[in-house]
Amino acid sequence: HSLMKRSAASLFPLMVASKGEEQSQEYAPAGHGLFTYALMSALAPDADRDGDLLVTLREAFNFAMPIVEQLRDKDAGRQTPQMVVPTVVGDLALVGARQQP
C-alpha cells in the first residue's frame with residue numbers, strides 16, 4: 001500500500017497484474033504473463049475509445065482488463081489488474097492510434 005500512496009503523491013503510474021492474494025497468470029501462447037499480453041494488445045487503434053487517435057495510459061489499462069478476464073485460467077482463480085494513476089498522468093498518450101486507410 002505504501003507504493004500506491006507514493007505513486008499518487010509522486011505523479012507516476014502504478015500498474016500491477018493482480019491484487020491481494022491473487023496469482024498473476026502466465027499466458028503460454030504469448031510466452032509471457034497474461035497482463036503483459038493484454039497491455040501489449042492495448043497498444044493498438046482499437047484501444048482508442050475516445051477517437052482522438054491517441055491511446056492513453058488509462059485507455060490501454062481499460063482495454064486490457066476484459067482481455068485478462070476472458071483469457072485467465074478460471075481454475076487458477078481470479079486475476080484483477082490494478083492501476084493507481086494521478087489524473088494528469090492517466091491522460092498521457094502511450095502511442096498514436098492511427099487508423100489504417
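**Exercise 1. The crossing of two helices**

Is the crossing of α2 and α3 left-handed or right-handed? Describe the contact between α2 and α3 as well.

Solution. The model is predicted: local features need pLDDT of at least 70, side-chain atom pairs count only at pLDDT 80 or more, and totals for chains, interfaces and linings use all residues. Residues are numbered from 1 along each chain as its sequence is written, and side-chain values use heavy atoms, with hydrogens and water left out.

Step 1. Helices (H or I, at least four residues) and strands (E, at least two) are DSSP runs, numbered from the N terminus. Helix α2 covers residues 34-41, and helix α3 covers residues 57-71.

Step 2. The axes of α2 and α3 cross at roughly 135 degrees and come within 8 Å. Axes here are lines fitted to C-alpha atoms, for helices over the stretch in contact, and angles run from 0 to 180 degrees between N-to-C directions.

Step 3. Angles under 35 degrees count as roughly parallel, over 145 as roughly antiparallel, 65 to 115 as roughly perpendicular and the rest as oblique. Therefore α2 is oblique to α3.

Step 4. A crossing is left-handed if the near helix is turned anticlockwise from the far one by less than a right angle, and right-handed if clockwise. The crossing of α2 and α3 is right-handed.

Step 5. Contact means heavy atoms within 4.5 Å. On the α2 side the contact includes Leu34, Phe35 and Tyr37; on the α3 side it includes Ala60, Phe61 and Phe63.

**Exercise 2. Aromatic pairs**

How many aromatic pairs does the structure hold? Classify each of them by its ring geometry.

Solution. Step 1. The structure holds two aromatic pairs. Rings of Phe, Tyr and Trp (its six-membered ring) pair if their centres lie within 6.5 Å; planes under 30 degrees apart count as stacked, over 60 as edge-to-face and the rest as tilted.

Step 1. Tyr27 and Tyr37 have ring centres 4.7 Å apart and planes at 40 degrees, so this pair is tilted. Tyr27 lies in strand β2 (residues 26-27) and Tyr37 in helix α2, 10 residues apart.

Step 2. Buried means under 20% relative accessible area, exposed over 50%, and partly exposed in between (1.4 Å probe, protein chains only). Tyr27 is buried, because its relative accessible area is 18%. Tyr37 has 27% and therefore counts as partly exposed.

Step 3. Phe35 and Phe61 form an edge-to-face pair, with 6.2 Å from centre to centre and 75 degrees between the planes. This pair links helix α2, which holds Phe35, to helix α3, which holds Phe61, across 26 residues. Both Phe35 and Phe61 are buried.

**Exercise 3. A positive phi**

Which residue other than glycine has a phi near 70 degrees, and where is it found?

Solution. Step 1. Most residues other than glycine have a negative phi.

Step 1. The phi of Leu53 is positive, near 70 degrees. Leu53 is found in the loop between α2 and β4 (54-56).

Step 2. Leu53 has a relative accessibility of 46%, so it counts as partly exposed.

**Exercise 4. Ala47 and Ala93**

Which residues does Ala47 contact, leaving aside its neighbours within four places in sequence? Which residues does Ala93 touch, not counting residues up to four places away in sequence?

Solution. Step 1. Ala47 lies in the loop between α2 and β4. Its relative accessible area is 0%, so Ala47 is buried.

Step 1. With those neighbours left aside, Ala47 is in contact with Ala42, Val55, Glu59 and Phe63.

Step 2. Ala93 belongs to strand β6 (residues 93-96). At 42% relative accessibility, Ala93 counts as partly exposed.

Step 3. Ala93 touches Leu54, Val55 and Thr56, not counting residues up to four places away in sequence. Its C-alpha atom is 4.0 Å from that of Thr56, although Ala93 and Thr56 are 37 residues apart along the chain.

**Exercise 5. The whole chain**

How many helices and strands does the protein have?

Solution. Step 1. The protein has four helices and six strands. From the N terminus on, the elements run α-β-β-β-α-β-α-β-α-β.

Step 1. Of the 101 residues, 34% count as buried.
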